[in-house]
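User: I'd like to learn how to read the features of a protein model, one at a time. Could you walk me through this one?

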Amino acid sequence: MSDKTEIDLTGVKQSKGVWLVKVPKYLSQQWDKAAEKGEVGKITIGKKQGKTEACFSLNEELTALDAVEENDASLQVPKDHPFTVHTVGGQTLAVFSQSDTDEISLEGMVVHRAECRPVVTDNYMKLKKLQIKESIKPQRLSQQLERAITTVFKPVANHDFNVEYEKKKKSEGKMVRAERQLVLDMLFSAFEKHQYYNIKALVDITKQPVTYLKEIMREIGTYNSKGAHKSTWELKPEYRHYQSAEEEEEMQTA
């Protein structure tokens, strides 16, 4: 379960109402250019024929747009942006904030939803044309080279996992299948010390090829595909009290 997080609900106690406003992308980009505690603009709110009217006026210093080309040097962002106000529509919306110390606070409940739209002027239409022009620009461009590239790029040194694989392949290739009884003796001797082994550990102990070893383990052992001992082998119950051939001979001699 996730850790519980405390939330400051002062905004609820104060019955603070907030506006949820959607703004154009270019406007938020201009706001980022403002100083840390600078003013980005002013909002005027009034009523006309019983309806709430609001308008955002961008600070004059932030209307200048970064020119992409020389022809765009005089282009400016629209200053006035009237709000198109909508009802909340029966939804319960809230605004939260997060501080630098990860403290979460409830700023208030949404009482109005609105869209911030610019006044359509020739200047705005030029801005839209520039945005469309920028959006259709290809991210990558082909470039014609003046001369052929003669630099020879050497391949990267052999990767570690390839070296390990080749080493493993060679070592397994040298492994010779021992007599079945001898392999069984080594396996039972190992399982007397520990109940669970993965196949890699058994290969190291017996020095036998993996395919041959798995063939034997399928007969005398059980593979754990899940649980606390996932991906390990253990002996079947009927083989857990096995004695090797040498031990049997010693007991018979005794």
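This is a predicted model: local features need pLDDT of at least 70, side-chain atom pairs count only at pLDDT 80 or more; totals for chains, interfaces and linings use all residues.

User: In what sense do S3 and S4 pair, and over how many bridges?

Analyst: S3 (residues 41-48) and S4 (residues 51-58) are antiparallel, with 8 bridges. One of the bridge pairs to look at is Gly 46 with Glu 53 in S4. The hairpin of S3 and S4 has 2 residues between the strands, and Gln 49 takes a positive phi near 55° there.

User: Where is a positive phi found in the hairpin of S6 and S7?

Analyst: Look at Asp 102, where phi is positive, near 65°; this hairpin has 5 residues between the strands. S6 (residues 94-98) and S7 (residues 104-116) run antiparallel and are joined by 5 bridges. Within this pairing, Val 95 stands opposite Gly 108 in S7.

User: Now the helices. Which residues of H3 are buried?

Analyst: The general idea is that an α-helix has 3.6 residues a turn, so residues three or four places apart point the same way. In H3, the buried residues are Tyr 124, Leu 127 and Leu 130. Viewed down the axis of H3, the buried residues fall within an arc of 115°, so they line one face of the helix. The face turned away from that buried side carries Asp 122, Lys 126, Lys 129 and Ile 132, which are exposed. Helix H2 (25-31) is among the elements that cover the buried residues of H3. As for its length, H3 (residues 122-135) has 14 residues and spans 20 Å from first to last C-alpha, close to the 20 Å expected at 1.5 Å a residue.

User: Why can the buried residues of H7 be placed on the same side of the helix?

Analyst: The buried residues of H7 are Tyr 212, Leu 213, Ile 216, Met 217 and Ile 220. They cover an arc of only 130° around the axis, which puts them on the same side of H7. On the other side of H7, you will find Thr 211 and Arg 218 exposed. The buried residues of H7 pack against H5, H6, strand S8 (221-224) and S9.

User: What do the buried residues of H6 pack against?

Analyst: They pack against H5, H7 and S9. The residues in question are Leu 202, Val 203 and Thr 206. Seen down the axis of H6, the buried residues fall within an arc of 105°, so they line one face of the helix.

User: Which residues of the largest nonpolar core touch the most other members?

Analyst: In soluble globular proteins, nonpolar side chains tend to be buried together. In this model, the largest nonpolar core has 17 residues, and those touching the most other members are Leu 187, Leu 202, Ile 216, Met 217 and Ile 220. Helix H5 (180-193), helix H6 (199-206), helix H7 (210-220) and strand S9 (232-235) each supply at least two residues of this core. H5 gives the most, with 6 residues. Leaving aside residues up to four places away in sequence, Ile 220 touches Leu 184, Leu 187, Phe 188, Leu 235, Lys 236 and Tyr 239. There is also a second, separate core of 16 residues, including Leu 27, Ala 34, Val 77 and Leu 127.

User: How many disulfides does the structure hold?

Analyst: A disulfide is a covalent bond between the sulfur atoms of two cysteines. This structure holds 0 disulfides. The closest cysteine sulfur to that of Cys 55 is in Cys 116, 7.7 Å away, which is too far for a bond. Cys 55 is buried, at 19% relative accessible area, and Cys 116 is also buried, at 4%.

User: Is Ala 64 buried, partly exposed or exposed?

Analyst: Ala 64 is partly exposed, with a relative accessible area of 44%. You will find Ala 64 in the loop between S4 and S5. Ala 64 touches Gln 30 and Lys 33, not counting residues up to four places away in sequence. The C-alpha atoms of Ala 64 and Val 77 are 6.3 Å apart, while the two residues are 13 residues apart along the chain.

Terms used
Residues are numbered from 1 along each chain as its sequence is written. Side-chain values use heavy atoms; hydrogens and water are left out. Two strands pair if DSSP finds at least two bridges between them. Helices (H or I, at least four residues) and strands (E, at least two) are DSSP runs, numbered from the N terminus. The expected span of a helix is 1.5 Å times one less than its number of residues. Buried means under 20% relative accessible area, exposed over 50%, partly exposed in between (1.4 Å probe, protein chains only). The arc is that of the directions from the helix axis to the C-beta atoms. Contact means heavy atoms within 4.5 Å. A nonpolar core is a set of buried Ala, Val, Leu, Ile, Met, Phe, Trp, Tyr and Cys residues joined through side-chain atoms within 4.5 Å. A disulfide is a pair of cysteine sulfur atoms within 2.5 Å.
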